[in-house]
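Welcome, and thanks for taking a look at this model. Below is a short tour of its fold, starting with the sheet.

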Amino acid sequence: MDTKELLKKVRKIEIKTRRLSDHIFGGEYHSTFKGRGMTFSEVRQYQFGDDVRNIDWNVTARYNEPFIKVFEEERELTMMLMVDVSGSELFGTNSQFKNETITEISATLAFSAMQNNDKVGLILFSDEIELFIPPKKGKSHVLRIIRELLEFTPKSTKTDVSQALRFLSSVMKKKAIVFILSDFISDEYEQTLKIAAKKHDLTGIRIYDQREETIPNLGIVQMLDSETGETMLVNTGSKTVRNNYTKFYRSKVKYFEELFSRSGAGTISASVDESYVKKLLGYFKRRG
């Protein structure tokens, strides 16, 4: 992708997702993810109905009339976007690929955080850590994140959610709002998820294409495994083959939903051909 084309794509995504975050998600995001606590702001004269526990006794003694401490919410937060860039994210049979939906959702979340003056960071992962951008504030930083999401070429096509969660725990020492965007066709990430969910506010966003759930009966076809790069002949005419595939797929989805729920983390599942806007808004409202 040349620079001109890339900038055009970044601009297009910025216009679309910025509008969403400005009009829809800004307020929802703010009320869902509150700051870490209250920080002392100033003192003012006591007014009837004020909480007597907030009286500043030193100032009160000095001026011989009651003054109270005023606190404000300590708002600044850090959002980490963890994005699966493995081969299976390039699957798509309808209007767009999974990775395109993931980019749009990531951009919307990043702009929502920016509006609230929060820091945003990015981890791109496959079965290794492909890229880490430490959290920072500002529009140029968010645009850099979008650029990477659009043009990054991963070294590996495989997925390892557990490895990504381990990395998150090692680089993020303070509590962060973490969104993991993947199709979660991965397993064995129970322990690392539990550890990460204890420390961070974690949400798994599963992006999928409905046509992945079943294999149609097309007779004997050559199939490519997008994660291993292997091609194989598959007899899709066999009901057993089709049933086994559907069972395998559903087991991965069930593992994702049950594990996140048990760990106290949130989940969103969005198909590439439905509105992720409704899904995100519904999730924010339920949590707010």
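## The sheet

Six strands form an open sheet with mixed pairing, in the order β5-β4-β3-β6-β7-β10. Strands here are DSSP E runs of at least two residues, helices are H or I runs of at least four, and both are numbered from the N terminus; two strands pair if DSSP finds at least two bridges between them. β5 (129-136) and β10 (266-271) are the edge strands, each with a single partner, so one side of each has no neighbour in the sheet. On average, neighbouring strands are turned by 15° against each other, direction ignored.

This is a predicted model, in which local features need pLDDT of at least 70 and side-chain atom pairs count only at pLDDT 80 or more, while totals for chains, interfaces and linings use all residues. Residues are numbered from 1 along each chain as its sequence is written, and side-chain values use heavy atoms, with hydrogens and water left out.

## A parallel pair and its helices

β6 (residues 177-182) runs parallel to β7 (residues 201-208), joined over six bridges. Within this pair, Val178 sits opposite Leu202 of β7.

Helix α3 (residues 98-115) packs on the sheet and touches β3 (78-84), β4 (119-125), β6 and β7; contact means heavy atoms within 4.5 Å. The direction of α3 makes about 175° with that of β3. Angles run from 0 to 180 degrees between N-to-C directions, with axes fitted to C-alpha atoms, for helices over the stretch in contact. Helix α8 (residues 276-287) also packs on the sheet, touching β6, β7 and β10, and its direction makes about 165° with that of β10.

## The whole protein

The protein has eight helices and 10 strands. Of its 288 residues, 46% count as buried, meaning under 20% relative accessible area (1.4 Å probe, protein chains only).

Terms used:
Buried < 20%, exposed > 50% of the residue type's maximum accessible area, 1.4 Å probe, protein only.
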